[in-house]
2 protein chains.
Amino acid sequence: MTTDMTRAVALARPVVAPGPRRGIGLGEMRLDGGFWGSRQETNARATLRHCYDWMERLGWLENFDRVANGETTAARPGWQFSDSEVYKLLEAVAWQLGQTPDASAEGLWADLVGRIAAAQDADGYLNTCFGHAEQADRYSDLSQGHELYCTGHLLQAAVARLRTSGEDELVRIARRAADHVCREFGADGRQGICGHPEIEVGLVEFGRATGEPAYIEQARLFVERRGRGSLAPIALLSPAYFQDDVPVRDADHWRGHAVRALYLAAGALDVATSTGDAELVRAIERQWSRSVERRTYLTGGMGSRHQDEGFGDDWELPSDRAYCETCAGVASIMVSWRLLLATGEAKYADLIERTMYNIVATSPRQDGRAFFYANPLHQREPGGDVRPDAVNPRAEGGIRAPWFDVSCCPTNVARTLASWQSCAAFVDESGEDPVVTIAQYAGGGIRVDTERGPFAVDIDTAYPEDGAVRIVVREAPAAPVGLRLRVPHWAGGAALRRDGASRPCAPGWVDVPAPLEPGDEIELQLPVEPRLTWPDPRIDGTRGTVAIERGPLVLCLESVDLPDDVPIDGVVLDVGSPLSASGDGATVRARAVPLPAHGSGRPPFTSEGEAPARGVVARGRELEVPLIPYHRWAERGPSTMRVFLPTAQNSTNPACDARRIHHHTEGTQ
Amino acid sequence: MTTDMTRAVALARPVVAPGPRRGIGLGEMRLDGGFWGSRQETNARATLRHCYDWMERLGWLENFDRVANGETTAARPGWQFSDSEVYKLLEAVAWQLGQTPDASAEGLWADLVGRIAAAQDADGYLNTCFGHAEQADRYSDLSQGHELYCTGHLLQAAVARLRTSGEDELVRIARRAADHVCREFGADGRQGICGHPEIEVGLVEFGRATGEPAYIEQARLFVERRGRGSLAPIALLSPAYFQDDVPVRDADHWRGHAVRALYLAAGALDVATSTGDAELVRAIERQWSRSVERRTYLTGGMGSRHQDEGFGDDWELPSDRAYCETCAGVASIMVSWRLLLATGEAKYADLIERTMYNIVATSPRQDGRAFFYANPLHQREPGGDVRPDAVNPRAEGGIRAPWFDVSCCPTNVARTLASWQSCAAFVDESGEDPVVTIAQYAGGGIRVDTERGPFAVDIDTAYPEDGAVRIVVREAPAAPVGLRLRVPHWAGGAALRRDGASRPCAPGWVDVPAPLEPGDEIELQLPVEPRLTWPDPRIDGTRGTVAIERGPLVLCLESVDLPDDVPIDGVVLDVGSPLSASGDGATVRARAVPLPAHGSGRPPFTSEGEAPARGVVARGRELEVPLIPYHRWAERGPSTMRVFLPTAQNSTNPACDARRIHHHTEGTQ
């Protein structure tokens, strides 16, 4: 490997957008274990092989062999989009190999790429579900066929390989596939789009990685064609399901299928930054703001509805039926990272952190061999045991399953963890001096080549359990290079210590005062004491409740931490009591309240004049209950769980009914 | 028509169960306009023809002609269950003709029956979707094919005809179809069941109406076979979706698809009462109690989930995403009526009333030509305009559509309205004297032949707008006949007046003191002043809110009744203020509260230490707002709506945050 290639590998990253901010490469940040380092290690050691084994077992890999051998039949294992899981796994393997050489992973890579290569048609078309003997014709079902979607994931895998290892067989396969798409769907070709966006984000970055502007132009065509009702309807689903209802640049918010909406936004932003389309950038910023402020869960999760895996209306954020698909979390991070590079605004890094800790980290079981697909914030019934050898047919809450019938999430988690560093920091050259900007904290070190020379720091932190982030400058060029740190929006009271002096710093970006010289020590102190977090009054699903967060972690109450006689829904928080930190969680004082007895013979509503349900007047017994990070729930067997805890017994309780509350608040105003 | 037949017609009713309670016949109760009389008239005048016209237009009727002419093809208009809509329409027409002769309706009947007869196969099989040229084989898809479901509705239509008009061609068609089912699925035949229960309820009543025990035995076999996992899975749906997870007699609650669960319960109860299976009766009673007390909305609506049109977990009763399919309301009434006959308990009549006024009456538009499919209790976004000439593809809230892609609800409403009287009263012969028992109130009259002779009353009431029900005895035999009235569970403070004296009567049944003689006047006084109704504390979706009811009517706030600058979600109820009756609704005092400004750039949750959203401290301006009956909403153009109104600004409001509330309630205990 040449020195240039070594540097290129160090710079390997999924997004290389034009503009003054460049994300750091995977080789520019070292993780020394810790929260993300340990997860990345588990991902490399367990998850990648786990995904390969399941796809081999289910015949999703053999699908490529069947095409290669001319043995396709009308029936075929896996959904029409199963090829994409193979490509997402390849992307994950490529990023991981870019960090740590591994002969076994290289063997897996070679096996997969060889089988894929053999399945590619002479003209570059590559799909195991369409276009061969006994199969439907190519592009005969753009609404549901997912052919371009699969190609998009192939291109993302090729980008990862190109940037971590250089041109190889997979990159050549991807070139042929991308060229085929441009011929087929170019300005003079089919005027179609894919029902599931993804090709756009794949084409732009592959165009950037290969220097081929035609790919970016093709992505632009796909983005511009969308929102004009060209996709054939799918029974019972509206055009908004696949964002074909409103042109991308005219939309104000995300709607329909969440992953589709977010992949489209990422791809459209890529097109916008590569073509200098400021209006399109503004459209995505607008959609982000509106959708984050009204349609996003405390965990960063997106998608309120199971029915269409989709966004709900504004303020429709029920905890129990939250869908919050893991893949939508991954896709949200993709969009926010691109917006962060495009604008430099800290709010995008805030949402990335929220989503990383509470969606991406929540999905995989500790051993990396089972995953949440849906991520509800309230589990009423225990999720049930999952057979370790069975495909889970449904994406219900409370169940981490080894594999799903639709199994998009495991490989999406894998590629995100394998490239975690790539959205942790960037070099900002928009000002006079280059500024190394740390957006996400993890123990380890960063060493970047700025235009003024190498700049390196070590980072020592037990974040997020502990809010102290100690940074020691290891290398700094003679000419000034700035260091900028993010103070998360929740971190009121943060302080920056240097040379024994401490100064408060407000949420947002904080610049470490220049000059910086090797040996300089800085400590950012982020308050990670447990805190109460209140929902917007328009959210019906969480009215009268409060959540507890700790730093970037959403906490939750899990039934296994309660006495056997206290149900999860019979706990009322004493919000006036102190919250104590406990490990990476908290301990809170609460009451176990008696719940109304049953047997009324009517729906669960009580009118004035009817006998009130019995047993609710009692204040209930005091409890100290531990809260754990949401990402750790359901690791101790089937359980029930709540993130948002009621702050008072409900209004059927005569002792704290709303009328009294009303009179009280009236009196205080 | 012979006198015997005249009497038979007078006694026409959908359920003739063994036991000491017999429901009155359609001819035994006269409706003089009023709430239900006017709806029944609109149904007869507009809805029946409306349904016929849509089915003709869409080719659902021509499907029968195609089978008759041997012209079936692989493609066919309508879903696989479209035949059932024709049969439900026939049932509605039969009940209506049993009340009022109508040459046009008779013509419609003759047209439909003739076309159906021509489509029946020689061996009695009758279905336009299976078993003919280019179609899938008979019973090749029991999970989704709906063949036995369609047959069940055919049998219900035949029951209606047999009891209102006597044996005719449709009855003969039904006999052949039922005989075919018994041959095909009997003890020695296919051991299958239908994915959608309905055949059970059809077979039992057809067996009762024809005196053929084999039909009842066949229904018993279907009930006993269920819950043993015999149905092939449908992608992403669990066996609970079609109640094939647990045997009927072992289940504790309803789950899965709500209409399926309820039709099954009705059919199982019919089997139980006809075979003297007390254990099975108890199972349905148990399921009713558990499901009503934990899984039923204030409106009587059942089914919390759009995804599978299904019940949710206990306490999962969100207002906004309430599905509450109209058909589930119809089916719930079917179950409750059967339980009322089986047990005589007033709680079943209470739920029937709740569901009649708030689901069945809510679905049809005033003109009887558009219908709600889903009946949510909160509409955040206006439902949008519906094109009067278009099939609505989706069952979303806020839209009364003339017809749906899956259009089960219009014909279900039609058959329920056409036979409304049949669940309004019954004769109870379980005691020494026969007791005429009035379960539902409507202006008109009842005249029943008891074993002691004819007993007749006139009923004068503007119920439910007015709570006075005046009853004048018109005929009474010399030997005692009792009169029993229902005091609804919400009617604390009810009184019975007779001869100038008034005595209080508690909710439940109240016996009018004997003796009763012609000319006697009784007045039941039910308090229908508006009242507050509080949700159970375990329901997250309605915590911190209250509903207002008035008699059997759930009221709601609709945006068209608010000033333009007040959004539906910015109204907070002053629960301490008086509620005033207004027409059939109410007027309440409320505040229009400023809602937090946007632009935080984060999800809609605010931690301590973060700047609180602005503008929420203000108390808001006082408003008097009118509430209307829920059944009348969305009649004045696209609108938003709420049933449950917040009782205090949410906890992000520093002026009434939960901490203060907590301190306050602590002090009062």
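I take buried to mean under 20% relative accessible area, exposed over 50%, and partly exposed in between, with a 1.4 Å probe and protein chains only. I work on a predicted model, in which local features need pLDDT of at least 70 and side-chain atom pairs count only at pLDDT 80 or more, while totals for chains, interfaces and linings use all residues. Residues are numbered from 1 along each chain as its sequence is written, chains are lettered from A and ligands numbered from 1 in the order in which they are written, and side-chain values use heavy atoms, with hydrogens and water left out.

**Chain A overall**

I looked up the secondary structure of chain A and found 15 helices and 23 strands, where helices (H or I, at least four residues) and strands (E, at least two) are DSSP runs numbered from the N terminus. The radius of gyration of chain A is 26 Å, close to the 26 Å that the globule rule gives for 669 residues, so the chain is as compact as a globular protein of that length; the radius is taken over C-alpha atoms, and the rule is 2.2 Å times the number of residues to the power 0.38. The C-alpha trace of chain A spans about 80 × 65 × 45 Å along its principal axes, and 66% of the 669 residues count as buried.

I then turned to helix H10 of chain A, residues 258-275, whose 18 residues reach 26 Å from first C-alpha to last, close to the 26 Å expected at 1.5 Å a residue; the expected span is 1.5 Å times one less than the number of residues. Because 16 of its 18 residues are buried, H10(A) is largely enclosed by the rest of the structure. Just after H10(A), A:Gly276 takes a positive phi of about 70°.

In chain B I looked up helix H6, residues 147-164, which has 18 residues and a reach of 26 Å, close to the 26 Å expected. Of the 18 residues of H6(B), 18 are buried, and the helix is followed by B:Gly166, with a positive phi near 100°.

**Aromatic rings**

My search of the whole structure gave 46 aromatic pairs over all chains, counting rings of Phe, Tyr and Trp (its six-membered ring) whose centres lie within 6.5 Å, with planes under 30 degrees apart stacked, over 60 edge-to-face and the rest tilted. A:Trp36 and A:Trp420 form a stacked pair, 5.4 Å centre to centre with 15° between the planes. A:Trp36 lies in helix H2 (residues 34-58) of chain A and A:Trp420 in the loop between helix H14 (408-418) and strand E4 (425-428), so the pair ties together parts that are 384 residues apart in sequence.

A:Arg39 lies over the face of A:Phe35, 3.7 Å from the ring centre, and the charged end of A:Arg161 sits over the ring of A:Trp109, 4.3 Å from its centre.

**Cysteines**

I counted zero disulfides over all chains, a disulfide being a pair of cysteine sulfur atoms within 2.5 Å. The sulfur of A:Cys324 is 12 Å from the closest cysteine sulfur, in A:Cys409, which is too far for a bond. A:Cys324 counts as buried, at 0% relative accessibility.

Key:
Lys NZ or Arg CZ within 6 Å of the ring centre and 35° of its normal.
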